[in-house]
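Hi,

Here's the structure I promised to pass along.

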Amino acid sequence: MKRYEFGLQKVLDYDKFIQKNEADAMNLLQAEYLEMKEKHDQLAGEYLELKRQYQEDCEHGQNAGRAAATGRYIMEVAQRLVKSRAQLQDQSNRIEVQREKLVAVTQDKEIIEKLRAHSWESYRAAERKSDELFIEEFLSNKAAQTNA
């Protein structure tokens, strides 16, 4: 039997390579997102705790200088929290773009794999046909030799 060779094998190998790279990039972006989310959650917890502590201090009375300093610090933490939310949204957008790239590459690879499967089936059908012709020819030659 002849050796089967798929004509688009290099393209399929390249698509697998690209898919792996895109998946690795996606995993990296998701890991960065999780890290950013953890820092954001910590910052949000710190902000809520500072607000609670500030309200408690105000209820029990504190000097004006300390209240002003604490208020400024709470505002700074709030600004960092807003910046952190924006970074999370940007990272989420990058993940979505990467997901779209990964889906496109995966679809391309699947199309080529379907072509490969179809090509394999066509090859097998052609091989069966040639084997059948060979057997028929062999049997007709054998019959001709015995009749002669």
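Predicted model: local features only at pLDDT ≥ 70, side-chain atom pairs only at ≥ 80, totals over all residues.

Let me start with Arg66 and Asp57: they form a salt bridge, with the closest N and O atoms 3.8 Å apart. The term here means a side-chain nitrogen of Lys or Arg within 4 Å of a carboxyl oxygen of Asp or Glu. Asp57 is buried, at a relative accessible area of 17% (buried is under 20%, exposed over 50%, partly exposed in between, using a 1.4 Å probe and protein chains only).

Residues are numbered from 1 along each chain as its sequence is written, and side-chain values use heavy atoms, leaving out hydrogens and water.

By that salt-bridge rule, the count is eight. Another one pairs Glu56 with Arg52, at 2.9 Å between the closest N and O atoms. These two sit four residues apart in helix H1, about one helical turn (helices are DSSP runs of H or I, at least four residues, numbered from the N terminus). Both are partly exposed: Glu56 has 32% relative accessibility and Arg52 39%. Through shared partners, salt bridges join Glu49, Arg52 and Glu56 into one network.

Then there's Glu35 with Lys39, a salt bridge at 3.7 Å, N to O. This pair is also four residues apart in helix H1, which covers residues 9–60. Glu35 is partly exposed at 48%, while Lys39 counts as exposed at 51%.

Cheers
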